[in-house]
Amino acid sequence: MASSRDRQRKLARAKLDRQMARRAVKERRKRRLLAGAGAVVAVLVIVAGVAWMGGAFDSDEPSTDAADQDICLWTPQNASTNSNLKDVGTPPTKDIPTLGTETMTVTTNQGEPIVVGLDRELSPCGTADISYLASKQFYDNTDCHEITSYGALRCGDPSGTGLGGPTYSVYNENVPTAPEPSASAGADAGAKTPLYPKGTVALIGDPPGTNGSQFLIFFKDYSPATAEYSIVGKVTGGQATLDKIAKIPTSANDAGEKVKPTQKITIKTLTVGDAPASAAPSASTQS
């Protein structure tokens, strides 16, 4: 006759076997459920893929295009380290025209207005820069403070120091490059085409490439060894005024450079508006 201890062992063993059996059943059921769920997910993924290819998830909202993207970027300049800067806000970065020309009219105390065709295609940000500042009357009642030694009138700095401008800058866009001389034309052929022809209008920054409000109007051809001014337009009217200004004598400025006009050259107003259909030719980069 089995002892009570043996009987207890058999009962415990039977109980353990039943627990293990129930656990195995639960595990099998769990695996079946997971397998079924996986199959459903796989089917849904396939269906979704087919629907996507069929355009079921296409949005009615317009996709981002060039009109939604930034065209120009403006770099902040610190007025606390340069007291010559003037804060007039910052131009927009979007919805900037990139085709055609705009007319800039510079009315001075030296004669008929100087008219410039600003190139919105090759210099959209330079054009937007000048247009924005003109809308803020930034240039009105300011003096052109230099007649450079290389034949350009320098304007656009209310402080008259060469360090003035707005509290932002814009990069170069349209710096000309010297053309490669052709073998048939000879080695000096490229030198015949000036990098900055007479009548060119270009932005000037210090250092180069940090353009703000200052610009050059060339009254004679100029071809530096290294071009650094970004062309923004071309004179289309008022050449007689520019020729008159070119004859004004100069004296030494505070730095000892003989570039200071001996007569005031004052911009009474500078405005920018849409050019008419017969607008001047665009200012192209030399190639």
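Helices (H or I, at least four residues) and strands (E, at least two) are DSSP runs, numbered from the N terminus. The model is predicted: local features need pLDDT of at least 70, side-chain atom pairs count only at pLDDT 80 or more, and totals for chains, interfaces and linings use all residues. Residues are numbered from 1 along each chain as its sequence is written, and side-chain values use heavy atoms, with hydrogens and water left out.

R154 is found in strand β7 (residues 152–155). R154 counts as buried because its relative accessibility is 12%; buried means under 20% relative accessible area, exposed over 50%, and partly exposed in between (1.4 Å probe, protein chains only). Contact means heavy atoms within 4.5 Å. Beyond its neighbours within four places in sequence, R154 is in contact with C144, H145, E146, G162, I204, Q214, F215 and L216.

The structure holds two disulfides, a disulfide being a pair of cysteine sulfur atoms within 2.5 Å. In sequence order of the bonded cysteines, the pairing is 1-2, 3-4. The sulfur atoms of C72 and C125 are 2.0 Å apart. This link is left-handed, with -100° about the S-S bond. C72 lies in the loop between α1 (4–53) and β1 (75–76) and C125 in helix α2, so the pair ties together parts that are 53 residues apart in sequence. Both C72 and C125 are buried.

C144 sits in the loop between β5 (142–143) and β6 (146–147), and C155 in strand β7, eleven residues apart. C144 is buried at 4% relative accessible area, and C155 at 1%.

A nonpolar core is a set of buried Ala, Val, Leu, Ile, Met, Phe, Trp, Tyr and Cys residues joined through side-chain atoms within 4.5 Å. The largest has 36 residues; W74, I114, I130, Y139, F215, I267 and L270 have the most contacts inside it. Helix α2 (residues 124–135) gives the most to this core, with six residues. Apart from it lies another core of twelve residues, among them Y196, A202, L216 and Y229. Leaving aside neighbours within four places in sequence, the contacts of I267 include Y139, C144, C155 and F215.

Strand β12 (residues 230–237) is mostly covered, with six of its eight residues buried. Strands pair if DSSP finds at least two bridges between them. Strand β4 (residues 114–119) runs antiparallel to β12, joined by four bridges. Strand β10 (residues 200–205) also pairs with β12 in the antiparallel sense, over four bridges. G233 in β12 is the bridge partner of L118 and of V201.
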